[in-house]
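Please read them with the structure open.

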Amino acid sequence: HRKRTNDWPAKHLLAGIAVCAICGSGVRVGKQNRGRRKDKDGNPLPRPRDADGKELPFPSYPTYVCSGTPGKTGFHVAMKEETLDELTIEVVLARLERPDFLATLGARDTGTDAERRALVDEIAGHQRYLDEVREQAAELQRFDLVLDQEARIQPKIAAAQAKLERLSRADPTVIELVSGGAVRQAWAELDLPGRRRIIRAVLTPRIKPIGPGNYQREKTNRERVEWVWL
């Protein structure tokens, strides 16, 4: 029942998903030099060597790089892969964990927005009621009350949840992830193609150029990314 994904060869979380905020092209993965390759006088530094004296490549780290404008050389933006991955995962999980996520997913549709929010409120009301019943049952030591009320209320929650999912028109994989409740645990169990599919279904990160004098600042890294929710 689950749609297949074409991401099976992918090795990087956001390659082809994140885009350049300047030209709109997708990002590819490149390498950025780590450390200096020349001394203060501009002379080339020797390559590092291993314990046996064998020459090693200069250290580097992977980056997401704008693919650039077709027919022109160069690129507009670049960002450390690890940094963008961490920022994106945290933003996505925080959004998926919101109780009103399915009510706010997708483009605004005045014909269904009010209905979706009403269903979210209905589900929350049923859950609050069951929590109150559990507290009262614990005080009275009447756990049969919990079983009785759960048997009555849980079908109502399930029906409202199913209707909310239909109105949200989300990717089935996204609905499956958020419906289980333990979003972060479910995310941890996904493979790379599954994670890419979730991100692509809900979000497009847009990387903006870094401002002058702002390198290596965590706050700047966050400000450089625009989150476009789908």
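This is a predicted model: local features need pLDDT of at least 70, side-chain atom pairs count only at pLDDT 80 or more; totals for chains, interfaces and linings use all residues.

1. A salt bridge here is a side-chain nitrogen of Lys or Arg within 4 Å of a carboxyl oxygen of Asp or Glu.

2. Residues are numbered from 1 along each chain as its sequence is written, and side-chain values use heavy atoms, with hydrogens and water left out.

3. What does the side chain of Arg224 reach? At 3.0 Å lies the backbone oxygen of Ala78, a polar contact (a pair of N or O atoms within 3.5 Å; within protein, one must be able to donate a hydrogen and the other to accept it, and residues adjacent in sequence count only if both atoms are side-chain atoms). Arg224 sits in the loop between helix H8 (218–223) and strand S6 (225–229). Helices (H or I, at least four residues) and strands (E, at least two) are DSSP runs, numbered from the N terminus. Leaving aside neighbours within four places in sequence, the residues in contact (heavy atoms within 4.5 Å) with Arg224 include Val77, Met79, Arg206 and Lys208.

4. Ala78 also takes part in strand pairing: in S4, Ala78 is the bridge partner of Val65. Strands S3 (residues 60–66) and S4 (residues 78–80) are antiparallel and pair over three bridges; pairing requires that DSSP finds at least two bridges between two strands. In S3, five of the seven residues are buried.

5. A separate point concerns the open sheet of three strands, with order S1-S5-S6 and mixed pairing. S1 (19–20) and S6 are the edge strands, each with a single partner strand, so one side of each lacks a neighbour in the sheet. S5 (residues 203–207) and S6 run antiparallel, joined by five bridges, and Leu203 is opposite Trp229 in S6. H1 packs on the sheet and touches S5 and S6, its direction making about 35° with that of S6. H7 also touches S5 and S6, at about 80° to the direction of S5. Axes are lines fitted to C-alpha atoms, for helices over the stretch in contact, and angles run from 0 to 180 degrees between N-to-C directions.

6. H7 (residues 192–202) has several buried residues, among them Ile198, Ile199 and Val202. Its N-terminal end is capped by Asp191, with a side-chain oxygen 2.9 Å from the backbone nitrogen of Gly194.

7. The structure holds eight salt bridges. One of these joins Glu90 and Arg184 (3.0 Å, N to O). That pair links distant parts of the chain, with Glu90 in H1 (residues 81–96) and Arg184 in H6 (residues 183–188), 94 residues apart. Glu90 is partly exposed at 41% relative accessibility, and Arg184 is partly exposed at 35%. Glu90, Glu97 and Arg184 are linked in a network of salt bridges.

8. Asp148 forms a salt bridge with Arg152, with the closest N and O atoms 3.1 Å apart. Both lie in helix H4 (residues 143–168), four residues apart and therefore separated by about one helical turn. Arg152 is exposed at 52%, whereas Asp148 is partly exposed at 35%.

Conventions
Buried means under 20% relative accessible area, exposed over 50%, partly exposed in between (1.4 Å probe, protein chains only).
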